[in-house]
Amino acid sequence: MKLALVFLSWMVCLVLTACGGGSTSTGSPMSAAALLGQDIFKDTRLSGSGRMSCATCHDPDLGHASPFDTPVALGGVNLDLPGLRLPPAIRYLRYNGAFSLAADGSASGGFFWDGRANSLAEQAGGPLLNDHEMANASVEDVVQKIASAPYAAKFKQVFGADIFNDPQVAFDRVRHALARYQQEDGDFASFSSKFDAVNAGRAAFTAQELRGLAWFSRADKGNCAACHPSTRPDNAPAALFTDFSYDSLGVPRNSAVARNSDATFFDLGLCGPVRTDLSARTELCGAFKVPSLRNVALRKRFFHNGRFDNLRQAIQFYVTRDTQAQLWYPQDPLGNVDVYNDLPSLLRGNVNVTEAPYNRPRGQSAALNDSEIDDMVAFLGTLTDGFFAP
């Protein structure tokens, strides 16, 4: 027992030494463009329904993640059109970059679950024109609404008296303002969790949280840090808990997603159906963006298709996906399990089965037991913003 405690202390020291601390917020006021972005972000009038804003799907009280109990949001002019994917959390994205493919074919960066946008500004324009989201008819439609908004005079003051004469230029300024808001508002990257407080010497982990950090980090246990590093990257003041990479996890099909009522339809992430430029890269099919785990304990749904509705269950899936596949996938009367059933059979070889904890065959013990999963949940709870004021 003493040896185990020594190991846990060593592990935390190793992680915290690398992480640093502090906040991106300087306390200085936001720019005029960012303040406009704040107005636009919250404005429900900028939708076909008049009832949906950016904040509708990205709730500040939930780490700017989806507030819905359902796996996808309902949008459109009557708020009755279901989306395809869970609205992603958008905090800490100011440290993300453009989409790229490395020489070995691995993907990183980009915005949305499939990385199809290369900047915050490009991402911001998508929902405004998406038929299943804010459902504006055109760029001109959006700009008309901005021109009649209470902040229209401020928009002209910041971007020019004639800004509304060219709808495309005005729409680009709308996207720019939304991006500046996410880049400048400290709430989008406050680094104010208990994890950050521990790094700053202002708090201490409980014994359970400390154990959870060990299971999170160890390559033979959760191995979460392989994609969700707890160490500080070069471009941020503290750990982001994502490497902005992509992975194919074989998440079970979610029958609550309307498009899945068609048995021939498959959401293939990087290679379609929303993104089309990589459709020929079949080795990328089924891969989705690795999200940050900051504020993960606040989320109501998990994974791109919202298949799981609580954090403990999501972790249990990670560690028992193959050891107890019958827990997650359909099983026929003969006991055959239809694993990775949200991918066509010819693409199921793309699923990650080489890295821990996915590398354990059926019948083998899982990488984490129930008690260790509880420890992990406790540790992930320390990543929630608002524990202290940096």
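The structure is a predicted model in which local features need pLDDT of at least 70, side-chain atom pairs count only at pLDDT 80 or more, and totals for chains, interfaces and linings use all residues. Residues are numbered from 1 along each chain as its sequence is written, and side-chain values use heavy atoms, with hydrogens and water left out.

**Exercise 1.** Determine how the axes of helices H2 and H6 are arranged.

*Solution.* 
Step 1. Helices are DSSP runs (H or I, at least four residues), numbered from the N terminus, and strands are runs of E with at least two residues. H2 covers residues 32–42 and H6 covers residues 152–159.
Step 2. The two axes, which are lines fitted to C-alpha atoms over the stretch in contact, come within 10 Å and cross at roughly 150°. The angle runs from 0 to 180 degrees between N-to-C directions.
Step 3. H2 is therefore roughly antiparallel to H6 (angles over 145 degrees count as such).
Step 4. Contact means heavy atoms within 4.5 Å. Ala-32, Ala-33, Leu-36, Asp-39 and Ile-40 of H2 meet Lys-154, Phe-155, Val-158 and Phe-159 of H6. By class, seven of these residues are nonpolar, none is polar and two are charged. Here Ala, Val, Leu, Ile, Met, Phe, Trp, Tyr, Cys and Pro count as nonpolar, Asp, Glu, Lys and Arg as charged, and the others, Gly among them, as polar.

**Exercise 2.** State whether Lys-221 is buried or exposed, and identify its polar contacts.

*Solution.* 
Step 1. Lys-221 occupies the loop between helix H9 (207–217) and strand S5 (246–247).
Step 2. Its relative accessible area is 13%, so Lys-221 is buried (under 20%, with exposed over 50% and partly exposed in between, using a 1.4 Å probe and protein chains only).
Step 3. A polar atom of the Lys-221 side chain lies 2.9 Å from the backbone oxygen of Ala-367.
Step 4. The side chains of Lys-221 and Glu-372 are joined by a polar contact of 3.0 Å (a pair of N or O atoms within 3.5 Å; within protein, one must be able to donate a hydrogen and the other to accept it, and residues adjacent in sequence count only if both atoms are side-chain atoms).

**Exercise 3.** Locate Pro-357 and describe the peptide bond that joins it to Ala-356.

*Solution.* 
Step 1. Pro-357 is in the loop between helix H10 (311–320) and helix H11 (370–380).
Step 2. The bond between Ala-356 and Pro-357 is cis, with omega about 5°.
Step 3. Pro-357 is also among the residues in contact with Lys-221.

Key: Parallel < 35°, antiparallel > 145°, perpendicular 65-115°, else oblique. Lists of a residue's contacts leave out its neighbours within four places in sequence.
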